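The structure is shown first, and the description follows.

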Amino acid sequence: MTSVLNDIHVLEIGSDLGAWCGKLLADMGATVTKIEPLSGDPMRSYAPFYKDIPNKNSSLYFWHYNTNKRSVTLDLDMEEGRELFRRLISKTDVVIDSLPPGQLTNYDLGYTSLSKINSAIILASLSPFGQSLPYSDYQATDLTALAFGGSAWSCGYDDHELPPVRCGGNQAYHTVSHFAAMGIMTALIHRQFSGEGQFIDVNMHAAQNVTTEGGAYNWLIAQETVQRQTGRHASVAPTPPTQIKCRDDKYVNIGFPARTEEQWFQLLAWLDDHDLVGNLSDYLTPPNREAIVRRDPDAIKHMHLVMQAVEKLCQTSNAKDIFAKAQELGFQWGVVYAPDEAMEDEHFLARNMRIEVSHPEQERFFAYPGSPYKFELTPWNIKRRPPLLGEDNDTVYAQELGIDSTNLTELKSQDVI
Amino acid sequence: MNTHNNAAALTPIRICDFSGQLAGAGATRYLAAMGAQVIRIEDRLSRGGWDMFRGTGPYKDDRRGHNLGGMYNNHNIEKLGITLNAKSLEGQEILRELVSISDVVTENFSAGVMERWGFGYEEMQKVKPDIIYVSNSGFGHSGPYKSFKSWGPVVQAVSGLTYQSGLPNMPPAGLGYSYMDHTGGYLMAIAILMALYHRYKTGEGQYVDMSCTDAALALNGPALLDYTVNGRPSSSVGQPNSNRSHYPPMAPHGIYKSRGNDKWIAIAVRTEEEWKLLSNLFAMQGIKDLDKYATLDNRLEQEDELDNLVTSWTEKRTSYESMNTLQRLGIPAASVQNPEERIDKDPNILAWNAFPEVQHAEMGPTRVEGLAMKFTKTPATIGKGGNLLGEDNKYVYEEILNIDPNILTNLQSIGVI
């Protein structure tokens, strides 16, 4: 089958901020070549490692973010290295750059220089705070970006003596990469019509700021401030708990336990199966959410009784069974899985969310997470495991740029590549 | 029909948009800002009730109504809106007309809803052979959970993201907002753009089944491969401390108390050099016994004690004092900003115009989320607020679909539009 981006050549330079963007394009068929320093992308030194043994090619962190990519080594601090980069640009459609702001320009490889070589080039520069704005010279990581940009304010516990919480999994890097990928795809479509490339300045701090839902809207519209709560949406006024422990000490998230009259009677019937209805039989409707938020005492008492009963109900089964039963009744409840539990769930397995990728060096297949979207004609695909450091030097420099073996040997001996 | 306006990247593209909420509307809002003509289809009978945000808060000046939902306004900038009774034969005929002149159909109902109603992909392909049809749902359109109901917190719970966010010996904190509704929208936009790019190259439309839980599963990051490759399930070691950094290991790394009520500072010490700078600063300010933290291994072994030591320094200072002091040394540090601080006072966010003002026909001027990237050739346009219910009926029915005004009057009187 064809892939969407099989005609697109991408150079990826930098590290943490842009790697997920490069993977999104590579997994849809783009030829993404990582330009790595001779010591390797810093990500190659990040734990965890295969069998916990660190080396340049064993970082699982690197593996996760670099499927389908090629790797070449190149020292941009040397003029010969920069010259090779310029030669690559004439065969490139997109550059994903997450070097510190201004560094490409200092190398004389900024957009103005690159567009003289290739006027159709699309350069997306990802940075913590934009290219030239207040804080552009400040340092940031996933943690500090989520703290500064509003996510952490909304994540944590009812007890505000406990610190706000960083959401796990590198979401600040993912979010800036999502904006970069949207921008690159938009620029590629514009190029189809106009033939022109462009520069895209992608700002991680802005990306966090516009990805916080209620935290932003309540302030923008009503100048109200949400407060973090355990396991549920941060809210201007406190809302009832939603995360309930089940018999196996795992949790379900129940949102609002019943939203309609129909759901209310279904919930009562389920409670009745376990003799847990009690005084709730007096109520003909589910608790009134709006009345709870405005602290109406009757509504709060009603909700309190429901929560007591639901807590007992959840103690009758394991979290996964509670989840399945609730969904069967049409309730928006969810089991709280650890990532490894999700990877084993039959639904995700049925949707090919566990992809076996061949690693010839280990003579094994390893499972990677599958695709966010299923394209009917041009499927997402992992054709190749992440690259070994400098694995594609010969392909790229000799075959594609036509550098002869004498010159290639010299470039290697001078540590240009 | 394909006249490309050079100032807007997606000008010739028309989207027949059945989607709503945030996961769907968030995708088409981006495309609308980049110049696509997005026509939102809303149900006349339920007065736009397909989208729960139509009339829900926050509200500007506490004015309520189906045109006054603050979130709806945010998610539907730059779109056209029409109303229609999609259960009537006449309404369905009009919709087929609209699809026949559209490039993309988007929807985010639960699996099966569009098919039952006669507007599934196969039916639409008969109307427009190269139509791109993108469905976005919580659990996708195949697999055992395809009929399950979800919203952001359920997606985050079932995929592993909730579990990965929290403090040890506590229940999961999760994400205090619908991160996966934002992110599902971003990935849906990427999918639409990729499918469009493929169509421009080949003339082929296609169907895309986007699942927010699939997307979220892959966003768990390197923890997944630590399980699938190294066999180390995160569920076996208990609730992770997501304020710390395991991948890669860093210490100090956390969110620390600052002076003032509920004030916090995030600090990430990435390297031995950064630790030396920090420990020199601590030493100059009279903190003793720093030698025992000389190496990363030392610091990881005594991380609780080290965090107390860092807190003893941070709690005497405001979060911004600590941030500026540490950033001057080149150490990533950031205040946990509340909504007012990050939206109204942050010089980077103000300079970027991350929250531009739009004009809403009934709410007047309001601020909404902007974008996290800036294009040099095809800037975004964010000026018009969310559409009122049926606001663009006249334009769309008369100017785009060329329906005779007399017929329209009749359709209106019999309740079709």
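Two strands are taken to pair if DSSP finds at least two bridges between them. The model discussed here is predicted. On that definition, strand S10 (residues 251-253) of chain A pairs with S11(A) in the antiparallel sense over 2 bridges. Within this pairing, Val252(A) stands opposite Val335(A) in S11(A). Both strands belong to an open sheet of 3 strands in chain A, with the order S9-S10-S11 and antiparallel pairing. Strand S9 (243-245) and strand S11 (334-335) of chain A stand at the edges with a single partner strand each, so one side of each has no neighbour in the sheet.

| Strand | Partner strand | Bridges | Sense | Residues standing opposite |
|---|---|---|---|---|
| S10(A), residues 251-253 | S11(A) | 2 bridges | antiparallel | Val252(A) and Val335(A) |
| S14(A), residues 373-375 | S6(B), residues 207-211 | 3 bridges | antiparallel | Phe375(A) and Val208(B) |

The contact between the chains takes 131 residues from chain A and 133 residues from chain B. On the side of chain A that touches chain B, helix H7 (residues 171-194) of chain A supplies the largest share, 18 residues. That side of chain A divides into 70 nonpolar, 46 polar and 15 charged residues.

Two packed helices are described by the angle between their axes and the distance between the axes. For H7(A) and helix H7 (residues 179-202) of chain B, the angle is about 25 degrees and the axes are 9 Å apart. Angles under 35 degrees count as roughly parallel, and H7(A) and H7(B) are therefore roughly parallel to each other. Their crossing is left-handed. Residues of H7(A) that make this contact include His178(A), Met182(A), Met185(A) and Ile189(A). The residues of the contact of H7(A) with H7(B) divide into 15 nonpolar, 5 polar and no charged.

Confidence values accompany the prediction. The predictor gives the complex an ipTM of 0.97 and a pTM of 0.98. For chain B, the mean pLDDT is 95, and 99% of the residues of chain B reach 70 or more.

Methods. Residues are numbered from 1 along each chain as its sequence is written. Chains are lettered from A and ligands numbered from 1 in the order in which they are written. This is a predicted model: local features need pLDDT of at least 70, side-chain atom pairs count only at pLDDT 80 or more; totals for chains, interfaces and linings use all residues. Two residues are in contact if their C-beta atoms, placed from the backbone, lie within 7 Å. Helices (H or I, at least four residues) and strands (E, at least two) are DSSP runs, numbered from the N terminus. Ala, Val, Leu, Ile, Met, Phe, Trp, Tyr, Cys and Pro count as nonpolar, Asp, Glu, Lys and Arg as charged, and the others, Gly among them, as polar. Axes are lines fitted to C-alpha atoms, for helices over the stretch in contact, and angles run from 0 to 180 degrees between N-to-C directions. Angles under 35 degrees count as roughly parallel, over 145 as roughly antiparallel, 65 to 115 as roughly perpendicular and the rest as oblique. A crossing is left-handed if the near helix is turned anticlockwise from the far one by less than a right angle, and right-handed if clockwise. pLDDT is the predictor's confidence in each residue, from 0 to 100.
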